[in-house]
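Take a look at the structure below. This report walks through its core, its chain contact and its domains.

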Amino acid sequence: MSDQAHVPASHDLAPGDEEQHSVGARIVGYVVGLALALLLTATSFFIAGTDLVWQPSIPVALIVLAIAQMGVHLVFFLHITTGPDNTNNVLALAFGLLVVFLVVGGTVWIMGHLNANMPPMDQIMKTRM
Amino acid sequence: MLGKLDWSAIPFDQPIPLIAGAIVLVAILAVLIWVVVKGHLPYLWHEWITSVDHKRIGVMYILLASVMLLRGGSDAIMMRVQQAIAYQSNGFLPPEHYNQIFSAHGTIMIFFVAMPFVIGLMNLIVPLQLGVRDVAFPTLNSVGFWLTATGALLVNLSLVIGEFARTGWLAFPPLSGLSYSPGVGVDYYAWSLQISGVGTLVAGINLVTTVLKLRTKGMNYLRMPMFCWTTLASNLLIVAAFPILTATLAMLLLDRYLGFHFFTNEAGGNVMMFMNLIWAWGHPEVYILVLPAFGIFSEVVSTFSGKALFGYRSMVLATMAICVISFMVWLHHFFTMGAGPDVNAIFGIASMIIAVPTGVKIYNWLFTMYGGRIRFATPMLWAVGFMVTFIIGGLTGVLVAVPPADFMLHNSMFLVAHFHNVIIGGVLFGAFAGFEYWFPKAFGFRLDERWGKLAFWFTFLGFYVTFLPLYIAGMLGMTRRLQHYDVAAWRPWMFIAAFGMLILSIGVICQIMQLVVSIRNREALRDRTGDPWDGRSLEWATSSPPPVFNFAFHPDVRGEDAYWDMKSRAQQQSLEHEAPEYQDIEMPRNSPTGFICAFFATIMGFALIWHIWWMVILGGIGAFATFVVFAWRDHDEYVIPAAEVARIDRVNLEERRSLVSMAGAL
């Protein structure tokens, strides 16, 4: 089915396909990504155990670091970029994020209300005692 | 050695499933013996079972759906008869059997009739409409089909070995938990859905990739036929929603097999989480089913009105809007279960909003018909019947989207009538329209119009006679899933509904007759031009049935309604490709991977249901080994030489030329 790629190959990449870069440039990309990922991981472990920062901010800091980690993975390893050849990948990612946001957010919201309106039996018993 | 399996699994004391099972077994054996004796086995194996041709796989999907429609339909007949006679009596079905029947009816109709029917039509037609030679992942496609067939097989196996779930089609815990359903019924349900769910996911990935990545020259997104758009939207929903179903059922299975407490009443489990998750899949699922049907109606209405689709871009927008909003409405399935006014209001409003893009579509179809030269061939009858029926179903849907009204109607026969109204009126009518419309493309001859119209009218009338009484029974307070009842006021409506079922069954018989009569008269009904309906999209640009490579040349698309455009140009100029230069075509090789994978998946599923652990391991290893063998293959394509392509294509071209010159002479 090789003759079906009518759009020039450089503008129509499947996820995981590489653009035509030299080997050196690609290795540099991966090394930078690896370094950033390791740095973020190390920072997370460090923050979790330290008392250098205000304690209640630690969960927020970990979430920020985790999101940054995702970003590093997307850009350096999964090659999600803003180039025109990447529209499908970016749209797929956006659609996935939207669905995850709707389902997870909706679930948290719904279950919260359900729990508030209909607490489990043992809690009802406790409030009645 | 055999886990929970012993002779008590066979229901010797229940004549109905035993006799039904015996008849099916004898029928299957008879067909098998006939196939072997007549020497058709090599043909079946090489041309169908191992085929990775999207058209063949599509046909097999539709065949599976049709067979399962008969099974689900017999369940429906039994339920209608039971409710007609079970007034102050037990009827003819004992409660535990009746519960299995309504559970099996819902499960089969959604997962093994509606799903394979629409996926089959998408497989069959979308690559043709896009002007390409195959789907993105041909062998994966075959795996997907055979895994779906595995699920169907397991569900049917439960008829004679063990039992099916008695929990309704979504198996809500705690009823489906181990303490209230200790038998194998829920395990049959869950494992067959897990296995066929993998098949559906695979089909979804394949079709999304096909639409996004394989389109012929000039086929921009906004030149794609509407059916391709709805296929894209529906399969995006499959890819996004089916993992939720898999995860939810996996948690239920962990509860049942390994003593987890996701959905139990003790140890911190929460049954409402199951309710929430299953409907987060369940609502997109109804749009997965109905969106392709909308696409089919768009094609049919525009072809038989002789006009381009009215408001093509608004239709695209409406489709994609439904695709997103379908993920924002799932709570309306459990308004009454305590989420409170804030949550209910938001989800109620979202449910009403999703009716807007659907309404846009209805108006677009009406305006497509307006001023057109309408031909009321059978597919068009189904389309018009759909519009009337679906509007009624949609309106009752908006009614139950109002939370206070839903508190009155929840779980009543009104609801049963509503969702049959939209699923039969929407999905099933769409599937039948697509079946009638594309049958000539798949097999090279048209279906008999007289029997087709009879089938339509009986089904259409039968539908109303069956389901309008259920609306009324629901208003009179009848709840769903009643094995017997004591309220005299409901009884007349149950009688009428049972009578309606009789009319519906005549419709089904007409459809079977149509197939028989058409196959007998196939020479008279032969479609030599490849374009029996004066079609507008590219599937009609090739012969009927299409050659294995679909198109000798990739069609060059210059606008919407690609084939209509080509035909109008061809009538002015001489036909293009006067002396075309044919080239070799590479096509994917057939592969038994799908069939063997599904064979081992069946063994594994059956063993998991009956706790036969050594067999589980055997099945798992077998399926994995099949995958490894396929992954290590050396050659996966074969070449059709240019001379062969030329020979096949010239026949088609001659027929087409004579058609165009005839039209020119007129």
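## Inside the core

Start with B:Phe297. Beyond its neighbours within four places in sequence, B:Phe297 is in contact with B:Trp365, B:Ala383, B:Phe386, B:Gly430 and B:Ala433. Bear in mind that this model is predicted.

B:Phe297 belongs to the largest nonpolar core, which has 202 residues. Four residues touch the most other members of that core: B:Ala114, B:Val118, B:Leu121 and B:Phe297. Which helix gives the most to this core? Helix H4 of chain B does, with 22 residues. H4 covers residues 95-130 of chain B.

In an unreviewed entry, UniProt lists residues 43-558 of chain B as "domain: Cytochrome oxidase subunit I profile". Over residues 43-558, chain B is 69% helix and 0% strand. The end C-alpha atoms of this stretch are 40 Å apart.

## Where the chains meet

Chain A and chain B touch. Chain B brings 22 residues to the contact, and chain A brings 17 residues. On the side of chain B that touches chain A, the elements giving two or more residues are helices H7 (226-258), H8 (271-305) and H10 (341-353). H8(B) gives the most, with 4 residues. The table sorts this side of chain B by class.

| Class on the chain B side | Count |
|---|---|
| Nonpolar | 14 residues |
| Polar | 3 residues |

## Domains of chain A

How is chain A divided by its domain assignment? Domain 1 covers 24-79, and domain 2 covers 84-128. Taken over C-alpha atoms, the centres of domain 1 and domain 2 of chain A are separated by 26 Å.

Notes: Residues are numbered from 1 along each chain as its sequence is written. Chains are lettered from A and ligands numbered from 1 in the order in which they are written. This is a predicted model: local features need pLDDT of at least 70, side-chain atom pairs count only at pLDDT 80 or more; totals for chains, interfaces and linings use all residues. Two residues are in contact if their C-beta atoms, placed from the backbone, lie within 7 Å. Ala, Val, Leu, Ile, Met, Phe, Trp, Tyr, Cys and Pro count as nonpolar, Asp, Glu, Lys and Arg as charged, and the others, Gly among them, as polar. Domain bounds come from an automatic or database domain assignment. A nonpolar core is a set of buried Ala, Val, Leu, Ile, Met, Phe, Trp, Tyr and Cys residues joined through C-beta atoms within 7 Å. A residue is buried if 20 or more other C-beta atoms lie within 10 Å of its own, exposed if 12 or fewer, and partly exposed in between; C-beta atoms are placed from the backbone. UniProt positions are given in the numbering used here, feature names are shortened, and annotations may be inferred rather than shown by experiment.
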